[in-house]
Amino acid sequence: MPRRDRLDALAIGLVVGLCALWGVQQVSVKVATADGLPPLLQCALRSAGAAVLCALWIGRRGGLRAALGDARAARAGLLTALLFGTEFMAMYVGVQRTSASRAVLFLYISPFVTALGAHFLLPEERLRPAQALGLAIAFAGLVAAFGEGVAGGRGALAGDALCALAGALWAATILVIKASPSLRRATPAGLLLYQLAGSVPLLLAGAALRGEFAAPLHPGALAWASLFYQTAIVAFASYLAWFWLLLEYPAGRLSAFTFLVPLFGVLAGGLLLGETLSFGLLAGLLAICAGLRLINRPAPAAA
């Protein structure tokens, strides 16, 4: 079970910062693809580079054996690697096949799957009625923020489905980590290394099947800068912080904050790509904050 039963100021500040980084990531993926770096090859390079950084980090803090746990942890770690790799394969391809607003909306079904899964699979993380109401309010805020864009967008059902699949796989990865006693004995860096290193062969195979190696590659400086951001900042530093949070705090409450990621993504799109910002964004943000307050309200004291 998590070491702490509620989110404190450190956890809230950290998870909001992570949401901002992940929101900008959606922009960086599109930028790198447009500048000559195909999506699955881009994702494979990201995972490989971040795995090297993670291994170096582990080497300086006690070695691989202590970080990765025992043989049972390795088997569970390979399962998370399969989920992680498939998630990002679906996301990187899906983002190219639908609008940004639709992609981010379908991707972030993850908090619902996580919270509902935790309710049924993790007895210590069952939703109270107020938390369930908060989740519903936060979802309503998300729909309000993106309602205009979704209603007016063209149907890109394949991209929508791939992004929804990525969101469900993200939630499944979280639930496997929380439910596996053996993975609880691994360190946050060990959990991350399992997923990064284990996903590389899957992503390279996907890139080959899509023909991404067939044409000459000429990525520009912007593509490499975007890849550095995805690799060092997002896939290494931010995910290391995320897995630490998952081991320390309740998964359902943490995942509820990922409602903020698409909002940060829209802001990043407006500031960096010149996309139009909707007035619905502010109303959605207020609703999401209200929902998160309910989700993170402590349980009433026993009489």
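Axes here are lines fitted to C-alpha atoms, for helices over the stretch in contact, and angles run from 0 to 180 degrees between N-to-C directions. The model is predicted, with local features needing pLDDT of at least 70 and side-chain atom pairs counting only at pLDDT 80 or more, while totals for chains, interfaces and linings use all residues. Residues are numbered from 1 along each chain as its sequence is written, and side-chain values use heavy atoms, with hydrogens and water left out.

**Exercise 1.** Describe how helix H2 (residues 39-59) and helix H4 (residues 71-95) cross.

Solution. Begin with the axes, which come within 9 Å and cross at roughly 140°. That angle makes H2 oblique to H4, since angles under 35 degrees count as roughly parallel, over 145 as roughly antiparallel, 65 to 115 as roughly perpendicular and the rest as oblique. Then list the contacts (heavy atoms within 4.5 Å): Pro-39, Leu-40, Gln-42, Cys-43, Arg-46 and Ser-47 in H2 meet Phe-84, Phe-88, Met-89, Tyr-92 and Val-93 in H4. Sorted by class, this contact has 8 nonpolar, 2 polar and 1 charged residues.

**Exercise 2.** Repeat the analysis for helix H1 (residues 9-34) and helix H12 (residues 260-273).

Solution. The axes of H1 and H12 come within 7 Å and cross at roughly 50°, and the two helices are therefore oblique to each other. In H1, the contacting residues include Val-16, Trp-22 and Val-31, whereas those in H12 include Leu-260, Phe-264 and Leu-273. By class, the contact of H1 with H12 has 13 nonpolar, 3 polar and no charged residues.

How values were computed:
Helix = DSSP H or I, 4+ residues; strand = E, 2+ residues; numbered from the N terminus. Nonpolar A, V, L, I, M, F, W, Y, C, P; charged D, E, K, R; others polar.
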